Amino acid sequence: MKVRDFKWLFGKNSEFWPTNMKTGMWAWVGHRLTGLVLVAYVFLHLSFLSTASVGDDGASFNDLMATTSQPLFVAMDFLLVIVVIYHAMNGLRVVLFDLGLGIRRQKLVFWVCMAVAAVLIVGGLWAIWDLIFVSSGGA
Amino acid sequence: MPEQKISTSKVAGTWAWAFQRLSAVLLIVFLAIHIYADHFMDLDEHTGDDPLITFEGVSLRLDQLFYIVVDYGMLSMVLFHGLNGLRTVMFDFDMFAKRKKLVDVGLWVVGLATLVWGIIILLPFITGSGG
């Protein structure tokens, strides 16, 4: 594997070079990147849950939850909220197109989906705000 | 684009494509319930700086068949959707597209093993006895 094998990905003439990308391409790249992040998160999530099998009556799990309810971790949860909502709303757009809906107005559909995503993300921030900025954490 | 000799959509297959969409829609529903139940439902009763999520709290929720179905349903859908998505990304690269059988078998093994692992790690919550 040589560096030039990746020119299609990083080269200035590549369709992934930022100035060469249009809305749909950004959406597609974003979908893949968030998707990969979420696959990694699922395994992290399961490994956290597996602590319930260690210690008496979920003591290890409760300790871990006390740590992860600290503001820094909750702030990271908010990043997860952004990633999930983007992936879900852009995914909804993909499903709509596959059903033959909205293809002719694909840019509009993208921005409507992103507007809904923005509203949901702001709602998420509102719900999570106190846990990041007011609570001193569960420790 | 990668210099594709093999078309990604042909390698990935129609069934995988259809189930990716189906699992996507189901995941939105499951996720909404999962997040609501875990983070919002008991928020009114939450006081002070106690952790929102405790072993006892999750156990209490997983006493109900509904939430067991939601969580295990979500586990199976998320594993399919995530690993099948990863498969689609991999098939955009010739080095993986050329080894379709190996990739498919590998991802099925990872998926099924993780499914079994996921089923097992939720059992302490369902039976209400950790450790």
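Analyst: The questions below concern the two chains and the terms applied to them.

This is a predicted model, in which local features need pLDDT of at least 70 and side-chain atom pairs count only at pLDDT 80 or more, while totals for chains, interfaces and linings use all residues. Residues are numbered from 1 along each chain as its sequence is written, and chains are lettered from A and ligands numbered from 1 in the order in which they are written.

User: What makes up the secondary structure of chain A?

Analyst: Chain A has 5 helices and 0 strands, where helices (H or I, at least four residues) and strands (E, at least two) are DSSP runs numbered from the N terminus.

User: Why is chain A called more spread out than a compact globule?

Analyst: The globule rule is 2.2 Å times the number of residues to the power 0.38, and the radius of gyration is taken over C-alpha atoms. For the 139 residues of chain A the rule gives 14 Å, and the radius of gyration is 20 Å, well over that value, so chain A is more spread out than a compact globule.

User: Why are α2(A) and α4(A) called oblique to each other?

Analyst: The axes, lines fitted to C-alpha atoms over the stretch in contact, with angles from 0 to 180 degrees between N-to-C directions, come within 9 Å and cross at roughly 130 degrees. Angles under 35 degrees count as roughly parallel, over 145 as roughly antiparallel, 65 to 115 as roughly perpendicular and the rest as oblique; α2(A) and α4(A) are therefore oblique.

User: What share of chain B is buried?

Analyst: Buried residues, those with 20 or more other C-beta atoms within 10 Å of their own, the C-beta atoms being placed from the backbone, make up 22% of the 131 residues in chain B.

Notes: A residue is buried if 20 or more other C-beta atoms lie within 10 Å of its own, exposed if 12 or fewer, and partly exposed in between; C-beta atoms are placed from the backbone.
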